[in-house]
Amino acid sequence: MLQILRKLVCNKGKGLVQARSLYDAPLEMVFDPNMQDYKIPDYGFKRLQSISNFHFGVEYLSVSKKPPSFPVEGLILGNNRMLINLCCSVAHFGSESDPRSWMNVLFILNTGSPTTFLSTQAIEKLGGYQDGPTRLRIHTDRVQEAYPAPRRSQFTELNILGMDFLQDQKQEVLFI
C-alpha cells in the first residue's frame, strides 16, 4: 500500500530539510517540461479507466463524490508503477468546499520527474490549457502548475505526479 501524508517527518519527529548547493540552478531553468518524455508503454487511457474503477472504486475523470482528505492511499501495480487517485480542480473553478469542482484523476507517481503533467483527456475534462501550464489544485487548496504532456511524447494519455508536487505540498510517500 502507498500513502501520501501531509507532513514530512524524520525519525526523531523533526522536519526534513532539503539540502541545496550554491551550484543548484532553479528547477524551472534546468528542466524544460516540453523536453521531457517518459516511456510507459504498459499504461494508457483505457488502462487508467479500468484501474480507477476496479482498484479505487471511482470512475476515472469523474466528479468526486467527496472532498479530498488525507492520508491518501495508492497502490503499486505491474512494473512497479505507483498509482494514486487524487482529487483535482482548476484554480479558477469552484472552491475546496464545492464538491462539484473536484475531479478524480489517476496519477502515476514518478519520482524521476521534476514536473507534474496532465493527459490531454484530463486537461479537457478539467477545463485546463492544452498549450501551457494549468493552475491546478491537487488534493489541497494550494495552487500549483501542471503541464500538458508534450504532444510528441510517449505519455500523452497519462497523468504524471512529479516531485514538484511532493516538494511544494511538503508530502512524503510511505510504502507500507
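What share of the contacts in the chain with a separation of 6 or more comes from residues 24 or more positions apart? I looked this up before anything else. The share is 71%. I note that the model is predicted.

**Confidence.** I checked the pLDDT next. Its mean over the chain is 76. I find that 74% of the residues reach 70 or more. Residues 5–20 fall below 50. In the model, this stretch still has 25 contacts beyond near neighbours in sequence.

**Fold elements.** I count four helices and nine strands in the chain. Following the sequence, I read the pattern β-α-α-β-β-β-β-α-β-β-β-α-β.

**Surface and burial.** The chain has 176 residues, and 44% of them count as buried. I get an accessible surface of about 10,200 Å² for the chain. Carbon and sulfur atoms hold 52% of that surface.

**Cysteines.** How many disulfides does a search of the whole structure find? I get zero. Cysteine 87 is in no disulfide, and its nearest cysteine sulfur belongs to cysteine 88, 7.4 Å away. The cut-off I needed here is 2.5 Å between the sulfur atoms.

How values were computed:
Residues numbered from 1 in each chain as written. Predicted model: local features only at pLDDT ≥ 70, side-chain atom pairs only at ≥ 80, totals over all residues. Heavy atoms only, no water. pLDDT = per-residue confidence, 0-100. Contact = heavy atoms within 4.5 Å. Helix = DSSP H or I, 4+ residues; strand = E, 2+ residues; numbered from the N terminus. Buried < 20%, exposed > 50% of the residue type's maximum accessible area, 1.4 Å probe, protein only. Areas by Shrake-Rupley, 256 points an atom, 1.4 Å probe, with all protein chains shown as cover.
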